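Biologist: Hi! Could you walk me through this model? I have a few quick questions.

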Amino acid sequence: MPVSNLPDERIFEFSEKVLQFGTGILLRGLPDYFIDKANRNGIFNGRIVVVKSTDAGSITDFDKQDGLYTVYTKGIENGKEINEQVICSAISRVLSATNDWNAVLEVAQSPYLQVVISNTTEVGIKLVKEDISKHPPVSYPGKLLAVLYKRYQAFNGSADSGLVIIPTELITDNGKKLESIILELAHLNKLEPTFMDWLESHNRFCNSLVDRIVPGKPDKALSDEMEAKCGYTDSLSITAEPYSLWAIEGDDHIKSVLSFYEVDESVVITPDIELFRELKLRLLNGTHTLSCAWAILQGFATVKEAMSDEAFINFITPLMFNEILPAIPYKIDENIAVDFAGKVLDRFRNPYIRHEWLSISVQYTTKIKMRVIPLLLNYYKLYNTAPECMALGFAAFIRFMRIKLTNDGYYTGVINGREYKVTDNFAEYFATTWANEETHTALCHILTNTELWDTDLTALPGFKEAVIERFNSFK
């Protein structure tokens, strides 16, 4: 397989327009990938300075490879197999926050800088009451505030020196939350009112949503195959699925700054990204959640294995199209929803992604509450009858949670002689319920537990009966 889109030498002369906090594979496989694609097409024409915020690991590989790395895209798209290999040249250099903080602050003073991107995990966006004059500050918001304050000083608070800031951490309203933390931290550091005015008036914090499975470094077999064909070794190579989405909340000004969105329809800038959040949460995550236990009870280890089974397909397809789609509590164009559902099935079929059902089952109860219960309640508002596939998925979940505490401190269940471990904050409740109640009583207690579901599920006409009937079909 030949390498496609080798970087042109002119790309290495582009100005550094982006400051990125995080060296993780999601950033390299999604935002950086799109920026590289735009640069190749004469759009955006800017490179990325990456800040490594933690002391774990090193930046040696980035230095050795001049920031270059290979993205292997493998999977299914519109029913066709995708096999792409691109050398990404978006990153100009990687700086260590610990060792190169002065260099980071120099980037803050660059007239070319326009954008800040981050992915510091969900715990990274939190308020740490700290002095931002430290070299460097401890938290990501502390580091970002120090960068913004240095920029404000360098440009005397000019209107055109403000930045577009896009967190990609997987939390709702990530831009708004980051902005509120930055403002509070600025007050705690007693920064001058004119800076506060500049911060609020000329910097834009954008909510965003990212969605792409980027497993990381290819396995040895694929790595050896690619290196043999291409003739080079890459310590930073990553694999990614074909599907990708980067939805950013913004207006025409944001579009003018983030011109890289023009290169790919997977980058969407819109005033409201709630549509994309609902589609992902319900059609992707909701489908995973409702089919997870059923798949495990049938003996499937991975999503790909299940997708090769006719009975599973006959369950998941009507679940998505007949029950989840109409029950999404958000007005969505039917064509958009159907197209998204089709892409979800393609992602599930990807033979190159090993997505284990037991991994999906972690914190299962909370996932049911957040992803499934709103769908179930809205389905009843529309049809006032029990949805067959949801009832089956819910019954399978309860059967999966028929667990006990073992002597070694784990909560485990058994199905068809196979033992599995359960990781769930409510595991103790389920183990205690099953230990102290006979089956019918236990099922009723679980369904009526408002602490779990914020509602009494037995009040939904026919749902209790549908769940119990399907539960009794499992061994």
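Biologist: Where is Glu356 found?

Modeller: This is a predicted model, and in it Glu356 sits in the loop between helix H13 (334–349) and helix H14 (357–360).

Biologist: What is its relative accessible area, and how is Glu356 classed?

Modeller: Glu356 has a relative accessible area of 32%, so it is partly exposed. Buried would need a value under 20%, and exposed one over 50%.

Biologist: Which residues is Glu356 in contact with, leaving aside neighbours within four places in sequence?

Modeller: Those are Ala301 and Thr302. Have a look at Val303 as well: Val303 and Glu356 are 53 residues apart in sequence, but their C-alpha atoms are 6.4 Å apart in space.

Biologist: Nice. What does UniProt list for residues 272–472?

Modeller: An unreviewed UniProt entry lists residues 272–472 as "domain: Mannitol dehydrogenase C-terminal". In the model, that span is 66% helix and 6% strand, and its end C-alpha atoms lie 44 Å apart.

Biologist: Let's pick a helix, then. Which residues of helix H18 are buried?

Modeller: H18 covers residues 439–448, and its buried residues are Ala442, Leu443, Cys444, Ile446 and Leu447.

Biologist: And what do the buried residues of H18 pack against?

Modeller: They pack against four helices: H16 (388–400), H17 (427–436), H19 (450–453) and H20 (463–471).

Biologist: Is Cys444 buried or exposed? And what about Cys206, buried or exposed?

Modeller: Cys444 counts as buried because its relative accessibility is 16%. Cys206 is buried too, with a relative accessible area of 2%.

Biologist: Strands now! What is the strand order in the sheet with E3 in it?

Modeller: The order is E4-E3-E10, an open sheet of three strands with mixed pairing. E4 and E10 (238–240) are the edge strands, so each pairs on one side only. On average, neighbouring strands of this sheet are turned by 20° against each other, direction ignored.

Biologist: How many bridges join E3 to E10?

Modeller: Three, and these two strands run parallel. Thr73 is the residue that stands opposite Ala240 in E10. Helix H2 (residues 31–40) packs on the sheet, where it touches E3 and E4, and its direction makes about 75° with that of E4.

Biologist: Can we zoom in on E4? Is Gln85 buried or exposed?

Modeller: Gln85, which lies in strand E4 (residues 80–88), counts as buried because its relative accessibility is 1%. The side chains of Gln85 and Tyr232 are joined by a polar contact of 3.2 Å.

Biologist: There's another glutamine I noticed. Where does Gln65 lie?

Modeller: Gln65 lies in the loop between helix H3 (60–64) and strand E3 (69–77). At 17% relative accessibility, Gln65 counts as buried, since the cut-off is under 20%. Beyond its neighbours within four places in sequence, Gln65 is in contact with Thr233, Asp234, Ser235 and Leu236.

Biologist: Last topic: hairpins. How many residues of strand E14 are buried?

Modeller: Four of the five residues of E14 (residues 411–415) are buried, so this strand is mostly covered. E14 pairs with strand E13 (residues 404–405) in the antiparallel sense over two bridges, and Leu405 stands opposite Tyr411. E14 also runs antiparallel to strand E15 (residues 418–422), joined by five bridges. There, Ile415 has Arg418 as its bridge partner.

Biologist: And which residues take a positive phi in those hairpins?

Modeller: In the hairpin of E13 and E14, with five residues between the strands, Gly409 takes a positive phi near 90°. In the hairpin of E14 and E15, with two residues between the strands, Asn416 has a positive phi near 50°.

Biologist: Great, thanks for the tour!

Technical notes:
Residues numbered from 1 in each chain as written. Predicted model: local features only at pLDDT ≥ 70, side-chain atom pairs only at ≥ 80, totals over all residues. Heavy atoms only, no water. Buried < 20%, exposed > 50% of the residue type's maximum accessible area, 1.4 Å probe, protein only. Polar contact = N/O pair within 3.5 Å; in protein donor to acceptor, adjacent residues only side chain to side chain. Contact = heavy atoms within 4.5 Å. UniProt positions renumbered as here; feature names shortened; annotations may be inferred. Axes fitted to C-alpha atoms, helices over the stretch in contact; angles between N-to-C directions.
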